[in-house]
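Please keep the sequence and the structure in view while reading.

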Amino acid sequence: MSGLFAAAFLRRIGWDVDVFERSPVELFGRGAGITTHPELLDALENSGAGTRELGIEVPKRIVLNRDGRVIGERPLRQILTSWDRLQRLLRETVDPAHYHLGHTFARVEQDGGGVCVYFAEGRIERADLLVGGDGIRSAVRAEIAPGVQPIYAGYYIWRGAPNEADLEPQTRASIFPYFVFFLPERQQVIGYPIAGLDNDLRPGRRRYNFIWYRVADPRELEDMCVDEEGQQHESSVPPPLIRKDLVARMRADAEEIMPAAFLDCLRNIARPFFTPIYDFSAPSLVFGRVALVGDAGSTSRPHMGFGVGKAGGDAQALAAALAGHDDIDAALARYNAMRQPIGERIMLHGRKLGTHLGVDLVTEEDRRMHALLQDPRAMMDWIAVPNFLASGT
């Protein structure tokens with residue numbers, strides 16, 4: 001997503017841009033839900049991608065107790081979209097002739113006039129600028145700043161997106177139209193509606209995004225990252241290879257604590273998968289003629305739902321800096337000065353919201369925030385809310 005945003009904005013200021021994607025196939029069909037913010041909507045409009053048929057608008061947030069009773073409610077109109085929808089909108093901004101699948105970044109060489117980029121498949125590209133928009137495990141960042149590594153937060157997410165049509169009528173009536181919280185001790189369950197396959201927004205064709213935060217120490221996570229075939233993975237496991245015993249244990253735990261509507265969602269997820277939570281902020285987004293955007297430069301915990309919004313903001317700021325300076329190096333310095341502090345601020349805000357789970361409460365401020373977020377009303381006020389950067393919270 002970061003690379004597509006960067007390509008869209010740079011092309012709009014007159015740059016020739018080629019996008020090199022590691023995947024050998026188009027990245028369609030991913031169902032992860034995304035909360036929209038004003039910054040994301042602005043970036044989509046300004047990039048040329050637009051916001052047509054973006055997602056589903058919910059009117060309010062509610063909190064459930066174990067019995068499924070609503071114990072908190074807050075009006076908040078918000079559009080919920082999906083990774084797949086945003087990727088399609090942005091993909092349409094890139095000329096197919098300049099979008100290259102199946103290219104694995106290997107290394108970059110720099111001189112005073114630009115970069116020479118080498119791909120594992122043998123291709124070599126010369127350019128004025130390399131933009132690394134390749135995510136939290138960025139190969140570009142690993143090459144130019146190998147000391148900058150993601151930090152495990154002490155918890156992870158089980159997730160999936162059941163089809164609306166598969167859910168019980170009571171589930172569809174009680175939780176499907178809303179942004180919903182369930183808050184057992186040291187855990188957090190969130191759900192909200194998103195489009196169905198092929199961005200189908202018709203009632204009965206949509207999906208429900210299910211997210212369950214759970215605590216695990218590094219040793220537990222290491223065990224979870226042993227796949228069904230016994231292979232140890234460093235940071236996560238591809239969904240088809242997640243061990244069946246982990247899924248069975250997770251489902252059994254859910255039966256003990258969850259309200260009926262969320263249990264219905266989970267029972268209708270054929271292949272739930274887990275995602276460990278990491279964060280970090282690079283001390284610089286610019287290394288000579290290499291610039292990092294999105295999660296490659298800083299990754300925040302997902303409590304704000306702001307990852308794609310930040311990617312759009314980074315790309316827009318990079319293009320604005322380059323449009324405003326004749327000197328590329330001066331422009332990159334300006335970009336770094338504008339966006340590195342924002343990325344770090346977003347990361348720290350995510351850590352503040354993560355105190356709800358009670359992990360690594362080191363400072364008095366950590367403990368104060370943890371106590372505040374035990375109130376369900378505070379969770380509705382703080383999690384994935386718009387304008388949190390402008391408010392200074």
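Two strands pair if DSSP finds at least two bridges between them, and the strands themselves (E, at least two residues), like helices (H or I, at least four), are DSSP runs numbered from the N terminus. The model is predicted, with local features needing pLDDT of at least 70 and side-chain atom pairs counting only at pLDDT 80 or more, while totals for chains, interfaces and linings use all residues. Residues are numbered from 1 along each chain as its sequence is written, and side-chain values use heavy atoms, leaving out hydrogens and water.

Strand β11 (residues 179–182) has both faces covered, with F179 and F181 buried on one side and V180 and F182 buried on the other; buried means under 20% relative accessible area, exposed over 50%, and partly exposed in between (1.4 Å probe, protein chains only). In the hairpin of β11 and β12, which has five residues between the strands, R186 takes a positive phi near 55°. Facing residues include R61 opposite F179 in β11 and F181 opposite I190 in β12.

| Strand pair | Sense | Bridges |
|---|---|---|
| β3 (residues 56–64) and β11 | parallel | four bridges |
| β11 and β12 (residues 188–194) | antiparallel | three bridges |
| β6 and β7 (residues 114–119) | antiparallel | six bridges |

An open sheet is formed by three strands in the order β6-β7-β8, with antiparallel pairing. Because β6 (105–111) and β8 (124–127) each have a single partner strand, they stand at the edges, and one side of each is left without a neighbour in the sheet. E109 has C116 in β7 as its bridge partner.
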